[in-house]
Amino acid sequence: MKRGTIPWARSVYCVIADGETPIIIRAGRTRNGIRFDTLHNNDDTFRSDVASGTPVCCCLSTRRSFSRWIQTPFAQKNKALRVLPTLLDIELPFALEDCIYECTAVDRDPSGKFKGLLTGARASDITTALNSMSSLKINPTVLDHEGLALWSEALQEHPVSSPDNTAPRAIVYLGDSEIRLVTGRGAKIAGIHAIRSTDPATHITQLMRSNIAESEPVSWLFAGPGVNEPKRCNPLQTQLAETFPGSSHTASESATFLARAVARRALSHSPLPCNLLSGPFEHPLFAQRRYKKLLSAAATFLLAGLILITTAVSRNVQHANQEQKLDSILRKTASELAGYPILAKGDDAYDMTQREVKDQIQRLKPFAQYTSHNLSAVLQALLPKTTTAQLQINELRLSDDTISLSGTAPEWKAPEALLQTLRACGRQTELSRDNARDDGTIPFTIQQEGAQ
């Protein structure tokens, strides 16, 4: 079984906070696939497992996120990938710098030019979602995209008949508070939409007509808690079938459809993987495991280096081919560890990579400290303030006892917002500023010695 966004997990919980009562399911890997169990919010097993470190997955609503295809003018994939962020920035009604985003899929159009499916959300919306989960005493490991999860689960439960199938498909998800529409052709997703609740049938019809002819039969799938409300679901199904006739299906266990989708994507392979908790929002578990993996790889490389040195001394010319093969493997390992090609051989490759690995381990030490609740709380309180005050952070060193932060500010008083935040976290800090630079920015430094 291919692994998902949490490759090390044997089981996960998914929490969907849509309505007064959150939907909670537990998903675990078995020999026969993935098993799902529905739980209650006050279930002792759920609370104890979360406290012991079982990952929790959530998703960001369609209304608070974006996912759209961006067309590029290039037939070369590398060039297309480089210009995608710029083209996305043009289309968004807000600054791309304020967003967390990733390229979920890449495809060619009929002319041979590449397009990319870019998915993301504003940092403020992610923070709001995390605060909402925090009120439920939950710290999500993965924050998936709602629309992508719905499409993936629809393909899982109702797969397309053949790879060449390009017939229109539509998923209508009736949540407790909102309705979502996901459209596509065959196995390829086309659009994700939040639907107006005042007249959902008219809104869905307008969106469908933008790229689907009324003569084309549509494969409809209805899911969500609202499917179990006949007065709400039946009229909508009838009106849509009159405009776009075709096959219509109702998802099994509709109320947990989205929760199962998010949990499945965390444990198993999905064609459209997504985790919006990246960059400053990355869960400490990912940084911690990356740190341990680097240490393990470093130990392996050092052992291989010792083998190479010993072999170089003891082997003679007859073993040259064997040495060359081992040297190739070591250079490949060294290049992967260093992050760039290592062209040196033997001792030189060993020395170069050893220095690079030590530097990477040193740079990753702050991430290993994320497991400290106090450090996470300080960092979570600090990052939004830097964005609000339009501060450019050049360096941040944070530990249980000290903090050292330097950067530039657009105004003289702007860094004072960080002082208030740090003091509220129990850090007694001092602010120093230099004269304004030629570009008008003010260099500043904030330091603290000794925990209070």
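How far is the sulfur of cysteine 58 from the closest cysteine sulfur? In this predicted model, local features need pLDDT of at least 70 and side-chain atom pairs count only at pLDDT 80 or more, while totals for chains, interfaces and linings use all residues. Residues are numbered from 1 along each chain as its sequence is written, and side-chain values use heavy atoms, with hydrogens and water left out.

The closest cysteine sulfur to that of cysteine 58 belongs to cysteine 14 and lies 6.4 Å away, too far for a bond. For cysteine 57, the closest cysteine sulfur is also in cysteine 14, at 6.2 Å, again too far for a bond. With a disulfide taken as a pair of cysteine sulfur atoms within 2.5 Å, the count is 0 disulfides. Cysteine 57 is buried (under 20% relative accessible area; exposed is over 50%, partly exposed in between; 1.4 Å probe, protein chains only), with 0% relative accessibility. Cysteine 58 is buried as well, at 3%.

Strands are DSSP runs of E of at least two residues, numbered from the N terminus. Strand β9 (residues 168-174) is mostly covered, 7 of its 7 residues being buried. Pro168, Ala170, Val172 and Leu174 point one way from β9, and Arg169, Ile171 and Tyr173 point the other way.

Two strands pair if DSSP finds at least two bridges between them. β9 pairs with strand β10 (residues 179-185) in the antiparallel sense over 7 bridges, and the two form a hairpin with 4 residues between them. Within this pairing, isoleucine 171 stands opposite valine 182 of β10. β9 also runs parallel to strand β12 (residues 219-223), joined by 5 bridges; there, alanine 170 has tryptophan 220 as its bridge partner.
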